[in-house]
Amino acid sequence: MRYEIRVDGHMSKTLTEAFPELDHVMMSGQTVLFGRIIDEAQLYGLLTRCQSLGLRVVEMRQLPE
């Protein structure tokens, strides 16, 4: 499954490096993390990582294959 996670604000290089399994782009005051996620455990782990780093997730969605 492919997912997109939108985070409020522009993440620094150091923060984006905390998500090596995802690609990212910055647009319209947000950072968009995207990539293949194997299962729900990995998805919840990514969301927990966002929370522990103080990132505000504004949207998360599954992308078409």
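Which residue does glutamate 21 form a salt bridge with, and how far apart are the closest N and O atoms? The partner is arginine 49, with those atoms 2.9 Å apart.

## Ground rules

This is a predicted model, in which local features need pLDDT of at least 70 and side-chain atom pairs count only at pLDDT 80 or more, while totals for chains, interfaces and linings use all residues. Residues are numbered from 1 along each chain as its sequence is written, and side-chain values use heavy atoms, with hydrogens and water left out.

## Salt bridges

Back to that opening pair. A salt bridge here is a side-chain nitrogen of Lys or Arg within 4 Å of a carboxyl oxygen of Asp or Glu. Helices (H or I, at least four residues) and strands (E, at least two) are DSSP runs, numbered from the N terminus. Glutamate 21 is partly exposed at 31% relative accessible area, and arginine 49 is partly exposed at 25%. For these labels, buried means under 20% relative accessible area, exposed means over 50%, and partly exposed is in between (1.4 Å probe, protein chains only).

A search of the whole structure turns up eight salt bridges. One of them joins aspartate 8 to arginine 56, with the closest N and O atoms 3.6 Å apart. Aspartate 8 sits in strand β1 and arginine 56 in the loop between α2 and β4 (57-63), so this pair ties together parts that are 48 residues apart in sequence. Aspartate 8 is partly exposed at 42%, while arginine 56 is exposed at 54%. Arginine 61 and glutamate 59 also meet in a salt bridge (4.0 Å, N to O). Salt bridges that share partners join Glu4, Arg6, Glu59 and Arg61 into one network.

Strand β3 (30-36) has five of its seven residues buried, so the rest of the structure largely encloses it. Two strands count as paired if DSSP finds at least two bridges between them. β1 (residues 2-8) pairs with β3 in the antiparallel sense over seven bridges, and arginine 2 has arginine 36 as its bridge partner in β3.

β2 also runs antiparallel to β3, joined by five bridges, with methionine 26 opposite threonine 31. These two strands form a hairpin with two residues between them. Serine 28, in that turn, has a positive phi of about 50 degrees and is exposed at 76% relative accessible area.

## The core and helix α2

What is in the largest nonpolar core? It has twelve residues, among them Tyr3, Ile5, Phe19, Leu33 and Leu46. The elements giving two or more residues to this core are β1 and α2. A nonpolar core is a set of buried Ala, Val, Leu, Ile, Met, Phe, Trp, Tyr and Cys residues joined through side-chain atoms within 4.5 Å. Setting aside neighbours within four places in sequence, leucine 46 is in contact with Ile5, Phe19, Glu21, Leu22 and Ile37; contact means heavy atoms within 4.5 Å.

Glutamine 42 is in helix α2 (residues 40-52), and at 19% relative accessibility it counts as buried. A polar atom of the glutamine 42 side chain lies 2.7 Å from the backbone nitrogen of isoleucine 38. With neighbours within four places in sequence again left aside, glutamine 42 is in contact with Glu21, Arg36 and Ile37.

Note on methods
A polar contact is a pair of N or O atoms within 3.5 Å; within protein, one must be able to donate a hydrogen and the other to accept it, and residues adjacent in sequence count only if both atoms are side-chain atoms.
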